[in-house]
Amino acid sequence: MIDMTILAYCIPGLLLVLTLILSSRNRFMGNDAVLNTFSIIHAFYLLGLTIFIMFTADLPVYFMDGRYFAIDRLSLYEILIAAIVFCLSAIYARGYIRDLLNTGEIARNNTGLFYGAFNMLFTVIVLSFLANNVALYWIFLELTTLFSALLIVILKARENITASLKYVFIASSAMLFSFVGIIILYALNLDLVNGGVLNWDTLLEIAPSLPGTAFGVAFILLFIGFGAKSGLVPFHTWLPIAHSRAPSVVSALLSGVLLNIGIYGIMRLNAVATQTTVGDNLKVFLIVAGILSILVPAFCLAVRTDTKKFIAFSSIEHMGLLVLGIGLSSPAVLFWVLFHKLGHSLSKVLLFFSAGIFHRQYESNKYFQIKNAFKLQPLASWGLILGSLSVLGVPLFPIFLSKLNILIGLADFSVAGLVIVLLLLFIIASSFGYYLVRAFSNREEEAELKAYNTPKSMKWPIAFIFVILLGLGLYMPGGLADWLNGIVSDLGFLG
Amino acid sequence: MIDTIIFSDIIHGLFVLILGTAALIITQRSLSSLFNIYAVQSFILAVMAIVLFIENGTLNLLFIALLTLAVKTIFIPLFLHRVLKRMPVKRDLQFSFLSPASSIIISTILLFVVYLFFTNIAGEVFNDSLILLGGVIGISLILMGMMVIFSRKRVITKTIGYLTMENGVLLFSLFMAEMPFIIEFLIVIDLLMILVLSAVLAFGIDSSLEEFHKKLNRLGIWVED
């Protein structure tokens, strides 16, 4: 059963693309309802498959002779987050994309391209989590850039093309540095292991015998590419523009899933690094990089006028927090880093979905265009407000717990660092307050805007995220906690 | 097997040629000659892989050489020429941040910095002088490609910069450790996909046809700030 798993994961996406290519002249396949239904089924199928493997398989499982693919707790957890986000996005896209098609913002004949890229992005993301080989992971990471760039450019405005190109060039160039890192990593263990390996699990085993300085060089080179993919400072410049230009459903995917993949790579890499002789230096490197990624958004948020750009900057901050937590590399902090990922993905999806409804209502992402929001779009307004509270880490939301525990971990490491981060987080929270107050205090009764009739498919995902977020904040299922503890010990951190 | 002295002489000569093509890519204004220079650079890399194959006898190197020859010296330049034929621009005259002369000076400085870095910091890994030189020139080529990406205005020229970076990675991997062939192959596929995407997008941005811009800007509501 297990040998077919990889195939089971990638068949639907490939099948759809094949059908789309073969039937490019067929009207039926250009039908957005058909394609959307397929995407929803695809997403739920993969969610079901992932949950099924979680309960039945004896982990970790390796595939092929070279162990090119593997399933372990960490990859399943990441796929689970991705699958949840994709399920929600596929449902949301039903109403949202139809609306974009009706207003002509996406050309009818590009429907197939959109859904093809959407499903392939999902497939490639899953494969990047399943890849056990660093080079293979690198290739899938590159492919995610490709398909997400296609999804950004689906709105044919000049700004979208620029945003997409900026993303492709920054991410791919940075990824080439990563590849140099991979080559060095390979050269390093040519003598250690017969033939040389790049498998995550073998690297973890041979980590103590890797030469320190050279591994440090490889680590930093790899970090450049993975960091660029997750929008860490100083490679973050593509992120705000790409997130704000993309259709909201794509922004949600970018922020909720795509950024996580780079962080996943850094997490695996750090597990190897802590066992080498330069582990302590790299730890400081990651912590500094994390703080830097909190610092830049802290000073950028207050002056933003575009809701989606605002949310995008907050994503940079959260990626910084995650890298900071990974750098601390204590078992307790890593546990909460993993939990933070889940909370952050859901909150960002909520925010971008709400921003998408606002964009349909006011035909703009600017805060000063938002008028009578509570009367016209009550659900989206609450989505934006509760999503912001969740992202800030207000109690009762899951991010409260994770943020608190990461900060406690930081206090053990350095009090000065904690003071700086707390100060930055305070600035960020103030900026959020400032933005929301300005957005929601606009009351121009005479404007007489007609309420945008939000389709049900756009409302349900938002309502559903409310429920999960509050649920996770109040009660963490025992199974989830065990699972996360399992991941931490898999990575070689004994709790 | 070739005589070791001759072998190292050939490799050194090829290194010089590669640096020469890199310098031309940084300064060249005409797009079609840029593509040709790229083809020549890839050809030199293929020759280098063949020379290394004759010396080492690793079959992997021969495959890499053939792949480079087929894709990078023939297919990619032909594709780019075809794209260029349909584009209204033929030259990339604008340089942002750096003029051609200062680019050359900076790339020379980069070469020295990379050399110093490799000999001092990472010296423990690179014990052979030829491997060291290959690594240095590979990394320098990557940095020069990056310089092309941010100092040129046209997207199509930026694409050439990216391709040059990738050539640098190939050069680096030839001397450091050849990756399994399947991975090299997948990278080339990935490169092709990125190339096609950016060329298609570049067509939208680089062409100065008024009609095309009007068509784009009609979707005005997404176009803010």
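Of the 225 residues of chain B, 40% count as buried (20 or more other C-beta atoms within 10 Å of the residue's own, with C-beta atoms placed from the backbone; exposed means 12 or fewer, and partly exposed lies in between). This is a predicted model, in which local features need pLDDT of at least 70, side-chain atom pairs count only at pLDDT 80 or more, and totals for chains, interfaces and linings use all residues. Residues are numbered from 1 along each chain as its sequence is written, while chains are lettered from A and ligands numbered from 1 in the order in which they are written.

**Chain B**

- Chain B has 8 helices and 0 strands (DSSP runs, H or I of at least four residues for helices and E of at least two for strands, numbered from the N terminus).
- Along the sequence, the pattern of chain B reads α-α-α-α-α-α-α-α.
- Among contacts in chain B with a separation of 6 or more, 74% join residues 24 or more positions apart (a contact means C-beta atoms, placed from the backbone, within 7 Å).

**Where the chains meet**

- In this interface, 40 residues of chain A are in contact with 38 residues of chain B.
- On the side of chain B that touches chain A, at least two residues each come from α5 (129–151), α6 (155–176), α7 (181–206) and α8 (210–217) of chain B.
- Helix α7(B) gives the largest share of that side, 11 residues.
- That side of chain B comprises 28 nonpolar, 4 polar and 6 charged residues (Ala, Val, Leu, Ile, Met, Phe, Trp, Tyr, Cys and Pro count as nonpolar, Asp, Glu, Lys and Arg as charged, and the others, Gly among them, as polar).

**The largest nonpolar core**

- The largest nonpolar core has 243 residues (a set of buried Ala, Val, Leu, Ile, Met, Phe, Trp, Tyr and Cys residues joined through C-beta atoms within 7 Å).
- Helix α6 (residues 158–188) of chain A supplies the largest share of this core, 21 residues.
- A:Leu151, A:Val180 and A:Ile184 have the most contacts inside the core.
- Leaving aside residues up to four places away in sequence, A:Ile184 touches A:Ala214, A:Val217, A:Ala218, A:Leu221 and B:Met176.

**Helix α11 of chain A**

- Buried residues of α11(A) include A:Leu282, A:Leu286, A:Ile287 and A:Ala298.
- Their cover includes α8 (212–229), α10 (248–273), α12 (307–328) and α17 (415–440) of chain A.

**A:Leu472**

- A:Leu472 lies in helix α18 (residues 456–474) of chain A.
- A:Leu472 is buried because 21 other C-beta atoms lie within 10 Å.
- A:Leu472 and A:Phe339 are 133 residues apart in sequence, and their C-alpha atoms are 9.8 Å apart.

Key
Two residues are in contact if their C-beta atoms, placed from the backbone, lie within 7 Å.
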